[in-house]
Each structure stands twice: as C-alpha cells, then as structure tokens.
Amino acid sequence: MNEKNFTHLQQVIQERWGSASGQKVTRYVGKFRNRERREEKITAVVEGNHGDYTVSIEAGETSAWSTCSCYIGKGGYCHHCAALGLTFLAEPTSFVLIEKVE
Ligand SMILES: [Zn+2]
C-alpha cells in the first residue's frame, strides 16, 4: 500500500466532504459495494432510486474530483459522491487496493 497516496486521498476527501450531512447523504453511507482503490482514486457502486450508480472520487493535487453516473452527478455534486467520501473516511480499509499492472 502506498501510504502517501492513501493519506493524501483521505485529506482531500476530508476537506471536501468531511462535514457533509443530511439524510440524502447519510442513507447511502456504508451502502457501497465493489469498493476499489487505485492509487489516489476510489470507485464503488451504490443502489440509488433508479438502479445502480457507479461513483468515483479522485484526489487532485489540492482537491478532490468526483463523478457519478446518476443524472445530476456528472460534475460530482450529487449526494452519492458525498456518501462515497464519507464511506471512505469511515471504512478506508474496506476499499480493495488494485495494483497497477506494469
Ligand atoms: Zn449520484
């Protein structure tokens, strides 16, 4: 595990979503499956109101980028992205590290 990537990812997620709250967000926290992490990017799937959504968050140098396959999530501003961030903060080791294949 690359600890530097891991710590940085945690930091930017904490900064952006650490104080996210509200029922729309919390109902999805911990509900993600297929949790994966590749270096500074995490991806997981959650069941929403209209089927499964794929949500991902990637750490940029100073902030976090996110995207979701739901109809408002393209820019990363939906509650699924916030919920994924909070899920990672609560259960970081539940994300399976996928090593880069050389
Ligand atoms: Zn979404």
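This is a guided tour of one predicted model, stop by stop.

**Before you start**

Residue numbers begin at 1 and follow each chain as its sequence is written. The model is predicted, so local features need pLDDT of at least 70, side-chain atom pairs count only at pLDDT 80 or more, and totals for chains, interfaces and linings use all residues. Helices (H or I, at least four residues) and strands (E, at least two) are DSSP runs, numbered from the N terminus.

**Stop 1: the sheet**

Select the strands. They form an open sheet of 5, in the order S4-S3-S2-S1-S5, with mixed pairing. S4 (64–68) and S5 (96–97) stand at the edges; each has a single partner strand, so one side of each is left without a neighbour in the sheet. Two strands count as paired if DSSP finds at least two bridges between them.

Now select S1, residues 33–38, together with S5. This pair is parallel, over 2 bridges. Look for Glu 36: Val 96 in S5 stands opposite.

Move to S2 and S3. They run antiparallel and are joined by 8 bridges. A hairpin with 2 residues links S2 to S3. Thr 43 faces Ser 56 of S3 across this pairing.

Stay on Ser 56. Its bridge partner in S4 is Thr 67. S3 and S4 are antiparallel too, with 5 bridges. Their hairpin has 4 residues between the strands.

**Stop 2: two residues of S3**

Which residues does Ile 57 touch, leaving out those up to four places away in sequence? Select Ile 57, in strand S3 (residues 51–59). Its contacts are Ile 13, Ile 42, Ala 64, Ser 66, Cys 81, Leu 84 and Gly 85. Contact here means that two C-beta atoms, placed from the backbone, lie within 7 Å.

Ile 57 is buried, because 26 other C-beta atoms lie within 10 Å. The cut-offs run on that count of other C-beta atoms within 10 Å, with C-beta atoms placed from the backbone: 20 or more is buried, 12 or fewer is exposed, and in between is partly exposed. For a distance, draw a line from Ile 57 to Ala 90. They are 33 residues apart along the chain, and their C-alpha atoms are separated by 15 Å.

Next, select Gly 51, also in S3. Is Gly 51 buried or exposed? Gly 51 is exposed, because it has 8 other C-beta atoms within 10 Å.

**Stop 3: Ile 42 in S2**

Select Ile 42, in strand S2. It counts as buried, because it has 26 C-beta neighbours inside 10 Å. Its contacts beyond four places in sequence are Glu 36, Arg 37, Ser 56, Ile 57, Leu 84, Phe 88 and Phe 95. Ile 98 is 56 residues from Ile 42 in sequence, with 9.9 Å from C-alpha to C-alpha.

**Stop 4: the helices**

Show H1, residues 3–17. H1 lies across S3 and S4, at about 110 degrees to S3. H3 lies across S2 (41–48), S3 and S4, at about 65 degrees to S3. Axes are lines fitted to C-alpha atoms, for helices over the stretch in contact; angles run from 0 to 180 degrees between N-to-C directions.

Now view H1 and H3 together. They pack at about 130 degrees, with axes 10 Å apart. The two helices are therefore oblique to each other. Under 35 degrees counts as roughly parallel, over 145 as roughly antiparallel, 65 to 115 as roughly perpendicular, and the rest as oblique.

Highlight the residues where they meet. From H1, these are Gln 10, Ile 13, Gln 14, Arg 16 and Trp 17; from H3, Ala 82, Gly 85, Leu 86, Phe 88 and Leu 89. By class, this contact has 6 nonpolar, 3 polar and 1 charged residues. Nonpolar means Ala, Val, Leu, Ile, Met, Phe, Trp, Tyr, Cys and Pro; charged means Asp, Glu, Lys and Arg; the others, Gly among them, are polar.

**Stop 5: two positive phi values**

Select Asn 34, in strand S1. Its phi is near 50 degrees, a positive value in a residue other than glycine. Asn 34 counts as exposed, because it has 12 C-beta neighbours inside 10 Å.

Finish at Glu 39, in the loop between S1 and S2. Phi of Glu 39 is near 50 degrees, again positive in a residue other than glycine. Glu 39 counts as partly exposed, because it has 17 C-beta neighbours inside 10 Å.
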